[in-house]
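Thanks for coming, everyone. I have a short walk through one model today. Let me put it up.

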Amino acid sequence: MPKVIKNVGCPYCGACCDDVEVTVSDDGKRVLEVKNVCAIGTQIFMHGGDHDGRIKLPRMRQPDGTMKDVSFKEAIDFTAKTLLKAKKPLMYGFGSTNCEGHAAAARVMERAGGCLDNCASICHGSSFLAIFDNGYPSCTLGEVKNRADVIVYWGSNPAHAHPRHMSRYAIFPRGFFTGKGHKSRTVIVIDPRFTDTGRVADYYLQVRQGHDYELFDAFRMVCHGHADDIPDVVANIPKETILEVAEVMKNARFCNFFYGMGLCHSDGRNHNIDIAISLTRDLNEFTKCTIMAMRGHYNITGPGAVWSWQFGFPYCLDLTKKTMVHMNPGETSSVDLAMRDEIDAFINIGTDAGAHFPIPAVQHLKKHPFITIDPSRNMASEISDLHVPVKICGVDDGGIVYRMDNVPIQYRKVVDAPAGVPSDEEFLDAVYERMVELEGEGFI
Amino acid sequence: MSDYIIKNGFVFDPLTGIKGDKKDIGIKDGKIVEASEVKGGKTIDASGKTVMAGGVDIHTHCVGPKVNVGRLMRPEDKLFRSRTKVGNTRVEMGFSVPSTFATGYAYARMGYSFLNEAAMPPLHAPHVHEEIRDTPIVDIAAMPVMGNNWFQLEYLKNRELENNAAYTAWLLNATKGFGIKCVNPGGTEAWGWGMNCTTIHDPVPYFDITPAEIVKGQMETNELLGLPHCLHVHPNNLGNPGNYTTTLDTLKLAEGIKPNNKFGRDVVLHNTHLQFHSYDGTTWADFESGSKKVMDYVNAHDNISFDVGFVTLDETTTMTADGPFEFHLNRLNNLKWANTDVELETAAGIVPYVYDKNIKVCDIQWAIGLELALLAKDHMRCHLTTDHPNAGPFTRYPRVIKWLMSKKARDDLLHSFKWSEKVIAATQLESMDRELSLYEIAQMTRAGPAKCMGISNMYGSLKEGTNANIAIYDINPEKMPKDPELIEKAFSETAYTFKDGVMVVENGVVIATTPKYTVWTDVKVKENAIVERDIHEKFAKYYSVGLENYKVFDEHMHNPRAIEVDATN
């Protein structure tokens, strides 16, 4: 009899829906059906388990350029030796693995004396910079659901990027103080593109691309009593619209800003987030107001949390001194390190640096040993010297992940991974043990 | 595991009444035994040294979501202040909000073995347990925050104590928590709308219950269940001039309530970081100490206890579930501000703060903390904390001990203040000659907290049969140093720390780690269909996380050590 497993967390986006129902085959090896999942999440579940399409052994690049299956033992040995030989290895990725994996990776890189970074480096890292300067007045998503009557999506398009965000948390759900659901809320969407999210907005503000900062500034002027000094048009938005929307925000019972890459990666970057936080602070003089980054992958919040408690920094960690840790984005961030060709061994884990990094950065990285740890083939795995397949967290491995609002969600294993395939944590712990062994034997 | 005999030390163990006698202590199989029972163990020469049980911290923010936001948002906290790693330990980073590894090692170096994380947002419990896993050496318990929980606001408003007790037992089980913590009761829920409750009679918006009803109800619930620890309260109106009246109002709620437990606990209410609640005056301009008014009451009522929350005059990171207070503080100092409101449960705020010795108010706060401890008549009920990291980092405990044990040390500092005359006028510290003894320090740092938390059969004592958690300090009670700095030095780094019988620190250096435990309270109550229904309803409708994913999975508990409580009768 196929078995139905309920309350399963979805390993796709930062909304971390944890109400998924998964039907698995008799033998516990295949996912047959999933419910309560968006189209993208569905595909991830369908890829899990033990089936022909799954990579089951590590693949090592041969002198003739082809890939050959090798044992996990060889893969562990190769990875450990690569890390020990390198002067400045970098392990990067982690958006798509569990926190147990993040912790294991940190132990390995502390021992190896390398750099450790996560996808925030090319994503919400600019938000971190703003948080370092200005803080982060936020809340959990349930607070938004239960209290918020004004929702602002700024530079984010959940209709496509976080498909169930609006229905589970922000616009449509009936919460305790928001019993009429959508009707209890005013939705403001600010984006240069009229997106599908824009379609549900009560106010859609087509901000001029790259001019978000000015629009924030205008809202702040209203909060500080300088409305009269606002020009007739700011960033494409007429003054009267600015005044009207500012009043909506000020008169909210509970207002929340959700912002995405449209803000933290358009002109101004961390400064856009900085002023968004300042506006949030200002609005707390009038009402309750909070802000939240729309984190992308289901556990990209995780490495920021784990490494903050282990080292005090969320990303761009330089552990090369081995006795202490530095963080200096721009200097110790992955792309910058790669562009300067400072990295002499690269491990891509739980992401696809091959697809996401600038080509010159990848070209530099490719001059040196290049390893990918990921369940699937991706652009990075295909140019790697070694590709290690691992379990898919949330499908064939459990573990803790952090939702975009920093709430930990406990994920479940729903199907069995192919025999012998380790989790990220198991693989990295084995690499650690091998490094200790090699050091004991006097390697290097 | 090796056995040891600790020979010729001066032993201070208030729970067995030993006041500095020379006594040998045996360690066998991780437990404390009569020295004669150890055959062929290693001998530790403790002559000229002070031997105490491992320290017990009753109130510290050492693990969990808001601690971690503090770490994340303050990279500058790591600069220049982090230790260089030695030996086979993990890297230690951070000063006011140290990394988990730094926290565990630093506590061990000071001879501590048990920490009570003072505020675990229930929704974030798995995070707390992850950090506990990564904090080496010390055992940790965590108290779920309950003063603003919607279930409890409703039960207590309707005076449904049994339902409240059943829900509390369920929550302790779901979060693997230790006891009931109330932070700014009612006020943090009000903060959901940007409001606050600053007296114990301010009604909570919508829920229409008062902080007084919450505190009293939670106290009764606590005794109905017979939990090891009493109700642990951070009262309303923290940090405001004149707030001592709110504090007294809160303390008076305990009148007539008797302890009911089998753990040797005598008190029913623990007022945490009393220093922040003992302020007189009406504004920051006429701000002055209210310590005497508060301590007159505390000394006369033996069913309440407190920890101090000493201000250490450092740059630190304040963090509390008192969300409205942090917003208010942020409006005072205009530094960065983080906030996390947690659905149906609580909130948290984080603001960096500089307790500058050139600022009068900071110095008065410093003096008030010391006054409370010097005015206390019973140090079993007066515990040493800095409300880490709110009034200062826990690594300053040795400095606080120096001030408590040496009038010279505190007078030197007091007279060095820029506004010392004004500080002296607003406080009574200068007139106080009392210097605490090592016995009183042992009461404040291990015996008292352990008794108050109902764990004195496991921690805080050198009684035979308890876990061999022992701190040996290089200080000779018969030849107390003239230079107070040597007191601070001795308590900063033990000569030896033993944890569960393993020598983990030698001459101030961490030399080993040992399996450590997560202490929680497993309460059995009668089945309660109403509460079960309420739990299902609230999770179905209002939480953003499923009920089955909310409860901490067993696999995410690290070495659980459950305290069993049977409340089925």
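Start with T60(B): its bridge partner in strand 7 of chain B is E117(B). This is a predicted model, so keep that in mind throughout. T60(B) belongs to the pairing of strand 6 with strand 7, residues 112-120, of chain B. Four bridges join these two strands, and they run parallel. Is strand 6 of chain B, residues 55-60, enclosed or open? Six of its six residues are buried, so strand 6 is largely enclosed by the rest of the structure.

The secondary structure comes to 18 helices and 24 strands. The C-alpha trace spans about 65 × 55 × 45 Å along its principal axes. Of the 569 residues, 64% count as buried. Take the contacts in chain B with a separation of 6 or more: 77% of them come from residues 24 or more positions apart.

Next, domains. Chain B is divided into domain 1 (4-52 + 465-510), domain 2 (142-444) and domain 3 (518-566). The centres of domain 1 and domain 2 of chain B are separated by 32 Å, taken over C-alpha atoms. Their contact takes 13 residues from domain 1 of chain B and 14 residues from domain 2 of chain B. On the domain 1 side, the elements giving two or more residues are strand 1 (4-13), strand 2 (18-28), strand 5 (50-53) and helix 16 (484-492) of chain B. Helix 16 of chain B has the largest share of that side, with five residues. By class, that side of domain 1 of chain B divides into seven nonpolar, three polar and three charged residues.

Some backbone points in chain B. N8(B) lies in strand 1 of chain B. Its phi is positive, near 65 degrees, and N8(B) is not a glycine. N8(B) is partly exposed, with 17 other C-beta atoms within 10 Å. K176(B) is another residue other than glycine with a positive phi, about 55 degrees. K176(B) sits in the loop between helix 5 (161-175) and strand 9 (181-183) of chain B. Buried or exposed? K176(B) is buried, with 28 other C-beta atoms within 10 Å. Then a cis peptide bond: it joins H388(B) and P389(B), with omega about -5 degrees. P389(B) is in the loop between strand 18 (382-383) and helix 12 (397-405) of chain B.

On to the interface. 51 residues of chain A are in contact with 48 residues of chain B. The chain A side has 22 nonpolar, 19 polar and 10 charged residues. Strand pairing crosses between the chains: five bridges join strand 8 of chain A to strand 16, residues 337-342, of chain B, and the two run parallel. In that strand 16 of chain B, W337(B) stands opposite G135(A).

Last stop, helix 8 of chain A, residues 212-223. At 1.5 Å a residue, its 12 residues should span 16 Å; the end C-alpha atoms are 17 Å apart, which agrees. The buried residues of helix 8 include Y213(A), F216(A) and F219(A). What do the buried residues of helix 8 of chain A pack against? Among the partners are helix 9 (239-250) and helix 11 (270-283) of chain A. After helix 8 of chain A comes G225(A), with a positive phi near 85 degrees.

Definitions and conventions
Residues numbered from 1 in each chain as written. Chains lettered and ligands numbered in written order. Predicted model: local features only at pLDDT ≥ 70, side-chain atom pairs only at ≥ 80, totals over all residues. Buried ≥ 20, exposed ≤ 12 C-beta atoms within 10 Å, placed from the backbone. Contact = placed C-beta atoms within 7 Å. Domains from an automatic or database assignment. Nonpolar A, V, L, I, M, F, W, Y, C, P; charged D, E, K, R; others polar. Pairing = 2+ DSSP bridges. Expected span 1.5 Å × (residues − 1).
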